[in-house]
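Have the model open as you read.

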Amino acid sequence: RLLQQMTCRALTPDEISYNAAISACEKGKQWEEALRLLQQMTCRALTPDEISYSAAISACEKGKQWEEALRLLQQMTCRALTPDEISYNAAISACEKGKQWEEALRLLQQMTCRALTPDEISYSAAISACEKGKQWEEALRLLQQMTCRALTPDEISYNAAISACEKGKQWEEALRLLQQMTCRALTPDEISY
């Protein structure tokens, strides 16, 4: 509405105005509106940048629209924009919400190939995607990979891995992870137990 008022008052919205509006849509879980604004930028001869796309991808993630998130990530590359860790993390998280563990792992691998450094958020979302996909071995591999990369798995990462083991009927592994949590000074919660 405010963006529309700018035009009515003879003010010209620029990229910053649109980025703020797209970001507000992301926070308000209005993914369709975020995509409409992104399209509107192009129609108004404005050039969406990495911030525009990252906010729109995050809106799709919150709206559980993994296919749209992946489409936007691809579109960034086609427009010679470089997706950053934020863009990838949002897309991986969208895949997690959409139960697309293979896509989440592909994106995690793609980050490394593009010289981006996956962080705890990247790995936690990918582990959670594996948990939803009942891929306990992949979840454990990613948890191990985090440690090898000097990243610190948190309660969320461990809970997702434990839940993956539960779904894979790997109770011994689940107990080992629970013990590992306490050794790492993490406090298991109701989900862990």
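Lys-27 is exposed, at 59% relative accessible area, while Glu-26 is buried at 10% (buried is under 20%, exposed over 50%, partly exposed in between, with a 1.4 Å probe and protein chains only). The two form a salt bridge, with the closest N and O atoms 3.5 Å apart; the term means a side-chain nitrogen of Lys or Arg within 4 Å of a carboxyl oxygen of Asp or Glu.

Glu-26 also meets Lys-62 in a salt bridge, 2.7 Å from N to O. That pair links helix H2 (residues 15-27) to helix H4 (residues 50-62), 36 residues apart. Helices here are DSSP runs (H or I, at least four residues), numbered from the N terminus. Lys-62 itself is partly exposed, at 32%. Glu-26, Lys-27, Glu-61, Lys-62 and Lys-97 are linked in a network of salt bridges.

## Glu-96 and Lys-132

Here the closest N and O atoms of the salt bridge between Glu-96 and Lys-132 are 2.2 Å apart. Glu-96 sits in helix H6 and Lys-132 in helix H8 (residues 120-132), so the bridge ties together parts 36 residues apart in sequence. Glu-96 is buried at 9%, and Lys-132 is partly exposed at 32%. The count comes to 11 salt bridges.

## About the model

This is a predicted model: local features need pLDDT of at least 70 and side-chain atom pairs count only at pLDDT 80 or more, whereas totals for chains, interfaces and linings use all residues. Residues are numbered from 1 along each chain as its sequence is written, and side-chain values use heavy atoms, leaving out hydrogens and water.

Methods:
Helix = DSSP H or I, 4+ residues; strand = E, 2+ residues; numbered from the N terminus.
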